[in-house]
Amino acid sequence: MLKERGLTKKEAGKRLEKFGLNEIKDISKTTPLKILLRQIKSNFILYLLVVAMLLSFFVGKSVTAYTILAIIFMVVVVGFIQEYRAEKSIAALKNMLVPVSIVIRDGKEREIQSVNIVPGDILILRNGEKIPADCLLLEEKELRVNESILTGESKEVGKKIGSEKKYTDENLVFMGTYIVNGKCIAKVLHTGMNTKFGKVAGLISTTEKELPLQKKVNHIANYMVILAIIISVLTGLIMLSRSTPLNEEAILNILIIVIALAVAAFPEGFPVVLITTLASGARHMAKKNAIVNRMSIIETLGETTVICSDKTGTITTGEMTVRKVFANNTIYDVTGTGYEGKGDFLHNNKKIDTNKGHALRNMIYNAVLCNDSIIERTGNDMEFRAIGSPTESALSIMGVKAGLFKEDIKFSRIQEIPFNSERKMMSVLCQLDGEKVVYSKGALEYLIKKCTFVQRTKTISRLTEIEKKKILKLNKKMTSNCLRTIAFAYKKVNAFAKDHFEEDLVFLGFAGMEDPAREEVKESISQCFSAGIKVKIITGDNKETALAIAKEVGLHGKVMEGSELDNLSDEELTKVIGTIYIFARVRPEHKLRIVKALKENGEIVTMTGDGVNDSPALKEAHIGIAMGKNGSDVSRSVADLTLKDDNFSTIVSAIREGRTIFKNIRKFATYQLSCGFAELSILFFGVLLVPLLGWQIPILLALQILFMNLVTTDLPAITLGLNFSSNDSMNEPPRKKSEILNKNQFILLFFTGILLTVLVLSSYFISFNILGHTHEYARTVALFTLIGLEIASAFNFRSFRKGVLNRGLIVNPYLFYASVISLIATFVIIYTPLNLVFETVPIGLEGIGIVVPVCLFLVLIFDLLKYVNNKKKFFDLEHT
């Protein structure tokens, strides 16, 4: 297959990646065995520990060797569990947006999950949908397909109806490709791995793409590794120079300590903590209906400065109800709400019979027949479930209120011109009561230009320019009251000529549909303003409707229509775009220009889109957001984030979560590196102080270092990545594009490491030099002190602004439980027979009396520094 298309595996992989398709992961899932092997192969620390274990066996320290073996096992198991859980979380996210398709089974149209499609099924495929299987065309209307995922060519291709006995690629539509215009009915031939797409995907490597965040973390880790090696080797050399007698056993013991020190200082837990933090954040977003398609955007979310949002279904509810109808110079009110078929048509508050008004009746026929939605009863009286766009579903429900059901009308649809965003119209040719009738519907400003006549009570007369202006004025009044309008026209034809399908139409009237603003959006937009994020509404609706909704949700500013945008050059648009907050009557290509102009001004742009033609703008934006309920498959495939509920407030929640995740990554990175730096410094300076203070080399033993690294450094670091969002995270400006650790974080890192070093060496000095304890006792006190300080430091790092003593211990319950586990493990190696393995001794109240005050002192120092910094603003650790 690849050879036929002249593709290498690498080229095919890039092509799939380019289109954001995740089928590869679904076809070849990561297994527990693969994760385990990846853990063993990629973890350099394991190889160092194996060397240390072998050296221990060589010098006859079998207990130490077996303990290191147990530590190796624990490192592998902990890493495996964390990565496996992260993989499971990511896999669960993918299953939250299950693609569906419409099939014809038992003569009825049904909506089923695409995964349940089988060969022989008859599919109905429409504009914007991704084709779920290889299919043979049975019917097609203006069909054009984008097959670039298979061919590499972006040119849209037309298709023709084929025969089951003889067909070519021209008669087939293929899995993974997209319908970009028209619709079709097709029979499924192949599914899954038997499709052309499946054969290509099955040959491609499933290597994961490295995240930008991961690159930054690795960059930091590389520097720490160099520092760890240098200090570890220096410490070893100093120990060698002062070791007497210098024999083979002494050299090997020093080598084991050097390895243990290097292991402790290596930030090997970074990748595990990073993926755990990202997976946890993505899971939190999913609970709030934001499904992350690409992990890399989590970093960018917190940098967002502008949100460009659709109006319909995002700012508004997207659940439309026809409220007013204009026909034959008369406005009718329509009662009822939602998808309930109960309701009446009223004129001057009196119920009317829709069968008596020829223009009104004809318009309702138009609304029902020029319509692709499907409505079916839910089981409750006159309550319906709709499949299709909210606009068309609302029109079908309007027909029900007039006693008109599509299935009761004896008609056949001969031909159609599907709706697209350029024409803003849809037309169908129907055979009805022995006559051929063209029914059209669309945006009033566009449709009325195609109308030459107007339907009266019983006659048809010419539509004058004066009357057109009167209708447009009435439409403007209706849209200014937050109603979205759609117009209707028709004509009877004898001969069919598609080129003249939409000419000399008879104007019937228009319907005004209510699509109220979501209640929570006003508060969300207010939060955006507090967070320094600008909001812009971009809609295909007219200016009056957009303005009315914007006013309702608290958004004020200048308005620009698509026609005005056409008259501006890119340079001119870039200059004025900062002052425009509402864009009306825009086309998809306008969205792309808007995104580019905002990016030119240095904005970090989040753009929403739902249509097939929105894909370029979604790809161009820093964060492209697709709609999960009413969006097209094409838009979802290129988007970075998908909203399950299509709600603007979900975008704001996702940005809040994105800010929190990046802060958590900063916290665990600064914390873990400060601990590694402290451990290096303690042994290095401890060796330097030996001749001055009479201490024994080394201050801490190899097993003690390894225990501390596993239990008291990695565990709290993982839980710091799970900190919850703070209430004021949306009361601060967007973070500037920056590295995980900047100048301020490095100052904090080294300050913390040095402070921990001074406090641990002081505790050793107090125990050994002042209180006269043995070397073993002083070493145990120093070990316990360092463990306690690292736990206290983790609590300090919960927030860069808020203190520890004035907050509860279980603000982050995961950190609290991890700290308890670390303390229990420490007590076990000190007060149980395991102290023989770790060469510790039980310490009494004198020892505890050193550890507790030192840990409290660290907390007090940091609380005081945070208090002063909050007042004087010396360092901005949150926003830089």
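Reply: A nonpolar core is a set of buried Ala, Val, Leu, Ile, Met, Phe, Trp, Tyr and Cys residues joined through side-chain atoms within 4.5 Å. Buried means under 20% relative accessible area, exposed over 50%, and partly exposed in between (1.4 Å probe, protein chains only). This is a predicted model, in which local features need pLDDT of at least 70 and side-chain atom pairs count only at pLDDT 80 or more, while totals for chains, interfaces and linings use all residues. Residues are numbered from 1 along each chain as its sequence is written, and side-chain values use heavy atoms, with hydrogens and water left out.

Me: What is Phe648 in contact with, leaving aside its neighbours within four places in sequence?
Reply: Contact means heavy atoms within 4.5 Å. Phe648 is among the residues with the most contacts inside the largest core. Beyond the excluded neighbours, its partners are Ile307, Ser309, Thr314, Ile315, Val521, Ser524, Ile525, Cys528 and Val535.

Me: What is the orientation of H23 to H24?
Reply: Axes are lines fitted to C-alpha atoms, for helices over the stretch in contact, and angles run from 0 to 180 degrees between N-to-C directions. Helix H23 (residues 648-693) packs on helix H24 (residues 702-720) at an angle of about 160 degrees, with the axes 8 Å apart. Angles under 35 degrees count as roughly parallel, over 145 as roughly antiparallel, 65 to 115 as roughly perpendicular and the rest as oblique. H23 is therefore, relative to H24, roughly antiparallel.

Me: How many nonpolar, polar and charged residues are in the contact of H23 with H24?
Reply: H23 contributes residues including Phe668, Tyr671, Cys675 and Glu679, and H24 residues including Ile705, Met708, Asp714 and Leu720. Ala, Val, Leu, Ile, Met, Phe, Trp, Tyr, Cys and Pro count as nonpolar, Asp, Glu, Lys and Arg as charged, and the others, Gly among them, as polar. By class, the contact has nine nonpolar, four polar and three charged residues.

Me: Is the crossing of H23 and H26 left-handed or right-handed?
Reply: The axes of H23 and helix H26 (residues 775-796) come within 10 Å and cross at roughly 155 degrees. A crossing is left-handed if the near helix is turned anticlockwise from the far one by less than a right angle, and right-handed if clockwise. Tyr671, Cys675, Glu679 and Ile682 of H23 meet Leu786, Glu790, Ser793 and Ala794 of H26. The crossing is right-handed.

Me: How many charged residues are in the contact of H24 with H27?
Reply: H24 and helix H27 (residues 813-831) have axes that come within 8 Å and cross at roughly 170 degrees. Among the residues making the contact are Phe707, Val711 and Leu715 of H24 and Leu815, Ile821 and Ile829 of H27. The residues divide into eleven nonpolar and four polar, and the number of charged ones is none.

Me: Is Thr276 buried or exposed?
Reply: Thr276 lies in helix H10 (residues 270-287). Its C-alpha atom is separated by 7.3 Å from that of Ile718, 442 residues apart along the chain. At 11% relative accessibility, Thr276 counts as buried.

Me: Is Lys351 buried or exposed?
Reply: Lys351 lies in strand E13 (residues 350-351). Neighbours within four places aside, Lys351 is in contact with Asp344, Phe345 and Leu346. With 63% relative accessibility, Lys351 counts as exposed.

Me: What is the phi of Asn289?
Reply: Most residues other than glycine have a negative phi. Asn289 is in the loop between H10 and strand E8 (290-292) and is partly exposed, with a relative accessible area of 24%. Although not a glycine, Asn289 has a positive phi of about 75 degrees.

Notes. Helix = DSSP H or I, 4+ residues; strand = E, 2+ residues; numbered from the N terminus.
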